[in-house]
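Thanks for making the time, everyone.

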Amino acid sequence: MEGIERLWSHIYPFPIKRCFKHVDRLPEEARDLASKMLGHKIFTKQTGASGKDCNKVFIVERKYVRREYYFAILMDRAMQGPVIVASSQGGVDIESVAAENPEAIVKLPVDIKKGLSLESAQGLADKLGFVGNAREEAADTFIKLYKLFLAKDATQIEINPLVETSDHQVMCMDAKFGFDDNANFRQKDVFSLRDPTQEDPREVQAEKWNLNYIGLDGQIGCLVNGAGLAMSTMDIIKLHGGAPANFLDVGGSATAKQICEAFKIISSDAGVSAALVNIFGGIMRCDVVAQGIIDAVKELDLKIPLVVRLQGTNVDEGKKLINESGIAIFPCDDLDKAADLVVKLSDITSLAQKVGVHAKLSLA
C-alpha cells in the first residue's frame, strides 16, 4: 500500500480512498473480518468462477458520500488519442448506464499535444453537476489524473466512484488502472507493484518464455505462430463445433525449447482434450517447431490427440522429423480438415474421460 501511495503522490498529491464491503467501528471488528478473508478465496465478477486468493486487506477511513460520479481516461482508436468518459451516475455498472441512459455519458476528446486545459476541465465539472468549491476541486482532480495518465504510460484510468463527500471534498473512492506493457522498461515503479498471485499462473509462465498466451474455456488447445493466424484458427475450430481452450502465439522466432514449454502450458489445463498446432513458417522454421513438438510429447508423455499442420520454411524437414519420431501425431496439410479432425478427436477423448476410460488414439 505504501508503494501505491508513493506512486500516486509523485504526480497526484491528494488522498486515495478505496471503498470496502465491510464497515467496522472497532479495531476488533476489523481484525476479525480480516482474519476471515486473508488466506481464503474471494469471489466477485472480476475474479471469475474460480475466485482469487486474498493475501492483502486494505483498511481505509470511512467517508460519507453526498454524490457519486464516474470518470475514466481511455485511449480511443477512433479519436486517435485519449478520451475522457464521465457521468454523473457513478458507483454503478457504467455499461448499464450507457445502454439505458446514453445521454448521461459525457465524452471529451483530449488533444495529446495540448493536454487537458483548465477551461475544459471546468466545463466537464459543470456538465457533471459540480458547484462551488467542489467544481474547482473536481477540475483540478481531472487535470492531475490526466497528467498521471500520460506520465505513467497508462492505457486506462477508471475512477468509479469519484465522489463528493458530505463536507464537499472530491475524492477517488475506487480505481482501475491499465498500463502499456511496452513501457515496462521506463515504468519500473509501476510494474514493480505487479502481484503474479492475482494472475492466471499459465499466463505468468508463458510470459517467462516470451509466449503470448490467454486462457479460455474450451477443450481444444491451440499452438500457432502469429496473432492473426491464431485468431483465424480459433474461428475455424468454432465453425466446426469446437471451442478453443486458449490463444497461444509463439511468435516468429521461437526455439524448440519454447515450443516444448508452450505444450507444458497447454497440457496443464485439465479441460484440454485435444490440441491443434497450426504453423505457417516464414521466419519460423517448421523443423524447429517439429523438434519442439517431439520433445514435448516425449517429456510430458502427452495423452491427448495432437493434430499438426505445418506449411512454409523447412516444411519437408519438419514432416520428416515427425514421421521418423515414432510418436502418435495426426498430420494434416489442410486447415479446414485439420480443424474438423481435432474437433472430432476432442469429442471422442471427452466422451472417454466422462466414462472413466483412458483412450489413446493413433493413426490406423
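Let me begin with a term: buried means under 20% relative accessible area, exposed means over 50%, and partly exposed lies in between, using a 1.4 Å probe and protein chains only. What you see is a predicted model, in which local features need pLDDT of at least 70 and side-chain atom pairs count only at pLDDT 80 or more, while totals for chains, interfaces and linings use all residues. Residues are numbered from 1 along each chain as its sequence is written, and side-chain values use heavy atoms, with hydrogens and water left out.

The structure holds 20 salt bridges, each being a side-chain nitrogen of Lys or Arg within 4 Å of a carboxyl oxygen of Asp or Glu. One of them joins lysine 41 and aspartate 53 at 3.3 Å, N to O; lysine 41 lies in strand S1 and aspartate 53 in strand S2, so the pair ties together parts that are 12 residues apart in sequence. Strands here are DSSP runs (E, at least two residues), and helices are runs of H or I of at least four, numbered from the N terminus. Aspartate 53 is partly exposed at 41% relative accessibility, and lysine 41 is partly exposed too, at 45%.

Now to helix H9, residues 256–267. Salt bridges with shared partners join Lys257, Glu261, Lys264 and Glu299 into one network.

Technical notes. Expected span 1.5 Å × (residues − 1).
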